[in-house]
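Here are a few friendly notes to read with the structure open beside you. Take the points in order and try to find each place for yourself.

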Amino acid sequence: MPVLRVALDLPLHRLFDYVAEAASTAEIGLRVRVPFGRGERLGVIVDVQDGSDWPLAQLKPAGEILRDLPPLPADFFRLCEFASAYYQAPFGEVLLQALPVGLKRLDPPTRRNTRAAKSTPPVAAPELTEEQAVAVNAIDPAAGFAAHLLHGVTGSGKTEVYLRLIERALAAGQQVLLLVPEINLTPQLEGRVRARFPDTGVVSLHSELAEAARERNWRAAFAGEASIVLGTRLAIFTPLPRLGLIVIDEEHDPSFKQQDGMRYSARDVAVFRAHQLGIPILLGSATPSLESWANAQSKRYGLLTLHERANPEASLPAVHVLDTRKMALQEGVSAALVAGIKERLARGEQSLVFLNRRGYAPVLACPACGWISRCTRCAANMVLHLADRRLRCHHCGCEHRVPKACPTCGNQDIHPFGRGTQRLEDWLKEQFPEARILRVDRDSVKSRKQWEVMLERIHGGEADILVGTQMLAKGHDFPKLTLVGVLGADSALFAADWRAPERLFAQLMQVAGRAGRAELKGEVLIQTEYPDHPLYAALVAHDYPGFAATLLKEREQAGFPPYAFQAMLRAEAPEMADSIAFLQAAAALPVIAEHENILIYDPIPMKMARLANLERGQLLAESYSRPALQAFLPCWREAIAGIKAPSKLRWHIEVDPFEF
Ligand SMILES: Nc1ncnc2c1ncn2[C@@H]1O[C@H](COP(=O)(O)OP(=O)(O)OP(=O)(O)O)[C@@H](O)[C@H]1O
Ligand SMILES: [Zn+2]
């Protein structure tokens with residue numbers, strides 16, 4: 001009797017068997033309706049075999065097999081198997097999270113056809129610079145798997161390298177997957193790709209697409225009708241029958257790491273996928289992740305370098321460090337920065353003031369009794385948002401009206417402390433009443449549509465001064481922007497997270513890289529109380545390789561990734577004692593001693609110990625050997641699942657944890 005082995009979207013590390021009289025292996029990869037509990041579920045047929053480990057009499061018959069899609073291919077299953085094994089995530093969850101919502105419904109809606117693209121003549125490609133040409137020619141699509149890191153300074157024209165490689169892959173009849181960070185996937189980029197390849201099917205896949213559009217695009221990609229798939233991290237799991245090239249832009253970007261549900265790195269999954277398919281992958285960045293940089297140094301990845309800006313008239317901006325200990329600041333802004341902005345205004349150029357803290361002020365406080373605006377649910381302060389007079393927790397999202405007086409002592413004279421983008425914007429408006437000031441952060445840009453409108457205004461020269469957070473740091477090309485001022489970066493210099501310096505350096509080099517991208521010369525002013533810090537010295541010298549070497553040496557000495565491999569077990573419960581007790585039990589499991597080369601640290605509360613009324617702890621497992629860690633994790637996971645815990649306790653394992 002044929003038995004279907006079915007993957008279901010359940011947090012269980014197993015498949016489910018159903019009998020199906022007429023089924024054959026031709027049905028592998030199709031969706032099927034199956035009875036489950038008292039209801040019905042939609043699953044995917046992973047295998048069809050003769051018989052089962054269970055007594056056949058106990059198996060229920062499968063329901064209808066859906067045939068509106070061709071079967072999901074074997075390479076897609078292998079990709080999901082890899083992600084499941086590597087990230088300790090149930091196979092069924094991995095597989096079903098890869099499908100658009102509409103395809104997971106028991107009754108799929110009827111399919112609509114993709115609109116045909118209108119044909120216009122392609123936008124001409126610029127002549128490649130010498131370095132761009134070397135990079136393009138270094139990648140041989142016929143040579144099988146090879147991973148290349150494209151380290152190109154800001155404005156060096158990495159996009160043009162991608163476009164040429166895409167052109168080549170298309171000519172060979174292949175599909176291309178271009179992954180970009182969340183915030184970079186703007187209609188502008190899509191428009192640029194479409195303009196270059198007007199006769200090619202281009203689809204985008206990202207989390208903000210409406211369900212129907214995502215399904216339509218996914219189907220076009222899976223059917224091979226779309227040859228270029230432009231997507232954010234979730235797109236890495238799209239089955240693509242003719243995939244011949246993967247490109248990851250801004251490969252260092254944290255948004256490639258999923259931080260909830262299945263905690264995976266789309267970049268790492270992409271490298272596996274390229275390897276599995278025997279195709280090239282290109283990782284591009286002006287500030288590569290240290291993992292990728294180390295891989296390039298050890299020659300596991302090829303290294304391609306663009307040292308110069310692509311526009312022959314442009315050069316890298318001059319970066320200056322301003323020692324604010326010797327300056328009188330007004331609202332945190334130095335006279336030099338004010339003068340710089342004035343000059344730009346007079347010349348009709350744009351300035352950008354970077355402050356990576358949104359809101360009006362990070363906290364509201366009472367000087368009389370010492371009250372401060374704490375979130376009652378999190379170990380964090382409530383941020384003051386004066387624009388709509390709210391106190392808001394940036395971690396759990398809860399909010400209140402701003403009190404008129406101190407809730408503890410009744411003092412009416414309570415003050416905002418510190419500075420966020422709203423306060424800076426207000427002050428700049430007073431200083432430069434004639435200037436058009438645009439604030440760009442998560443509060444002023446809430447949707448992709450708003451982001452698009454904002455970018456169009458900036459490009460159209462409708463802003464003189466931009467005030468913004470990291471949203472403004474990435475990948476944008478604003479030709480009239482010639483001054484970047486950086487405020488408040490010092491707070492990240494001494495953060496507890498050992499990845500903080502890498503992130504800060506990347507962020508500042510990226511934001512600095514927005515200045516002077518065209519003919520107009522750019523200047524960057526960094527205000528700091530630590531002008532001699534090596535991180536700032538490296539920025540002044542535009543020395544990514546030097547700074548990366550320093551950080552990698554520190555990591556090697558401290559035994560941190562990429563020189564060690566880690567997995568983090570986290571537990572959360574209403575009481576910290578329960579979380580820690582659970583982690584202690586996990587740290588004492590006999591399975592640990594049965595594995596070699598595994599180091600288990602002590603359980604500790606997370607840095608942000610309380611989030612939305614849950615108290616969180618973490619336990620780090622580490623090894624100098626990736627295979628040793630990978631062999632250990634499934635055994636550990638199973639043993640952990642057997643620990644008796646309070647019903648409200650939740651736990652998960654994150655492989656290659658990102659935040660500490
Ligand atoms: N070969 C070329 N000749 C002339 N201009 C070019 C060439 N290649 C790219 N450009 C221009 O150089 C500018 C920078 O290119 P692009 O935005 O691709 O840089 P990037 O390397 O992605 O930078 P970043 O890392 O800062 O995002 C763009 O305006 C682009 O049109
Ligand atoms: Zn909160």
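This is a predicted model: local features need pLDDT of at least 70, side-chain atom pairs count only at pLDDT 80 or more; totals for chains, interfaces and linings use all residues.

1. Is Cys396 buried or partly exposed? Cys396 has 17 other C-beta atoms within 10 Å, so the residue counts as partly exposed. Apart from residues within four places in sequence, Cys396 is in contact with Cys375, Arg377, Cys378, Leu611 and Ala612.

2. Now look at Cys393, which is also placed in the loop between E17 and E18. Buried or exposed, what would you say of Cys393? Cys393 is buried, because 21 C-beta neighbours lie inside 10 Å, and the cut-off for buried is 20 or more. Setting aside residues up to four places away in sequence, Cys393 touches Cys375, Cys378, Ala380, Met382, Cys398 and Glu399.

3. An unreviewed UniProt entry lists Cys375, Cys378, Cys393 and Cys396 under "binding site". They span 22 residues in sequence, yet no pair of their C-alpha atoms is more than 8.8 Å apart, so they gather at one spot.

4. Arg390 has Arg401 in E18 as its bridge partner.

5. Cys369 lies between strand E15 (363-365) and strand E16 (383-385), while Cys409 lies between strand E18 (399-401) and strand E19 (415-417). Cys369 is partly exposed, with 14 other C-beta atoms within 10 Å. Cys409 counts as exposed, because its C-beta neighbours inside 10 Å number 12, and 12 or fewer is the cut-off for exposed. Leaving out residues up to four places away in sequence, Cys369 touches Cys406, Thr408, Cys409 and Asn411. With the neighbours within four places left out, the contacts of Cys409 are Cys366, Ala368, Cys369 and Trp371.

6. For a contrast in pairing, turn to E8. E8 and strand E9 (residues 228-231) pair in the parallel sense over four bridges, and Val203 stands opposite Val229 in E9. Together with helix H6 (residues 211-222), E8 and E9 make a right-handed β-α-β unit. In a regular strand, side chains alternate between the two faces of the sheet. Both faces of strand E8 (residues 202-205) are covered: Val202 and Ser204 are buried on one side, Val203 and Leu205 on the other.

7. Finally, step back to the domains. The domain assignment gives domain 1 (2-104), domain 2 (130-306), domain 3 (318-551) and domain 4 (565-655). How far apart do the C-alpha centres of domain 2 and domain 3 lie? They are 30 Å apart. Where the two meet, 16 residues of domain 2 are in contact with 18 residues of domain 3. On the domain 2 side, helix H5 (187-196) and helix H8 (290-297) each supply at least two of the touching residues.

Terms used
Residues are numbered from 1 along each chain as its sequence is written. Chains are lettered from A and ligands numbered from 1 in the order in which they are written. Two residues are in contact if their C-beta atoms, placed from the backbone, lie within 7 Å. Two strands pair if DSSP finds at least two bridges between them. A crossover is right-handed if, with the strands pointing away from the viewer, the path from the first strand over the helix to the second runs clockwise. Domain bounds come from an automatic or database domain assignment. UniProt positions are given in the numbering used here, feature names are shortened, and annotations may be inferred rather than shown by experiment.
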